[in-house]
Amino acid sequence: MSGRADTLDTLVRMANQIARFFESQGHEPGALGMADHLAAFWTPRMRDDIQRHADAGGEGLLPLAVAALAILRKRAAPELSRALEDAGGVSVGTERGSDAG
């Protein structure tokens, strides 16, 4: 197995672990919480890689993880996200005072 496939497997496993944590909050609140978590704690490369995987069908991802990734996709365009991160801010539309920012 290639290093890229290993990395993707790890990201899927990590995303599913996060999704399992947030499942207790219900689908919509859980997806929002997971999206905030990914925005705050995952690197841009990690988010890009898992987003590409979700866009390609998301094999192995739990439904809550897929929903969270869809929320991230809707919140901000990648160019805006990168500009905000480069400026030292959290990128994906988190509000000041939230747990994710």
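**Ground rules.** I am working with a predicted model, in which local features need pLDDT of at least 70 and side-chain atom pairs count only at pLDDT 80 or more, while totals for chains, interfaces and linings use all residues. Residues are numbered from 1 along each chain as its sequence is written, and side-chain values use heavy atoms, with hydrogens and water left out.

**Helix 1 and helix 3.** I took helices as DSSP runs (H or I, at least four residues), numbered from the N terminus. I looked up the axes, which are lines fitted to C-alpha atoms over the stretch in contact, with angles from 0 to 180 degrees between N-to-C directions. Helix 1 (residues 3-22) and helix 3 (residues 44-55) have axes that come within 10 Å and cross at roughly 90°. That makes helix 1 roughly perpendicular to helix 3, a label that covers 65 to 115 degrees.

I then listed the contacts (heavy atoms within 4.5 Å). From helix 1, R4, L8, L11, V12 and M14 meet M46, D49, I50, R52 and H53 of helix 3. I sorted these contact residues into 6 nonpolar, 1 polar and 3 charged. Here Ala, Val, Leu, Ile, Met, Phe, Trp, Tyr, Cys and Pro count as nonpolar, Asp, Glu, Lys and Arg as charged, and the others, Gly among them, as polar.

**Helix 4.** I looked for its buried residues (under 20% relative accessible area, 1.4 Å probe, protein chains only). L64, A65, A67, A68, L69, I71 and L72 are buried in helix 4, and the buried residues of this helix pack against helix 1, helix 2 (27-41) and helix 3.

**Core.** A nonpolar core is a set of buried Ala, Val, Leu, Ile, Met, Phe, Trp, Tyr and Cys residues joined through side-chain atoms within 4.5 Å. The largest one has 22 residues, of which M34, L38, W42, I50, L61 and L69 touch the most other members. Helix 4 gives the most to this core, with 7 residues. I checked L38 beyond its neighbours within four places in sequence and found contacts with I18, R47, L69 and L72.

Is N16 buried or exposed? N16, in helix 1, is buried, with a relative accessible area of 7%. Leaving aside neighbours within four places in sequence, N16 is in contact with G60, L61, L62 and A65.

D49, in helix 3, is also buried, at 9% relative accessible area.

Technical notes
Helices (H or I, at least four residues) and strands (E, at least two) are DSSP runs, numbered from the N terminus. Angles under 35 degrees count as roughly parallel, over 145 as roughly antiparallel, 65 to 115 as roughly perpendicular and the rest as oblique. Buried means under 20% relative accessible area, exposed over 50%, partly exposed in between (1.4 Å probe, protein chains only).
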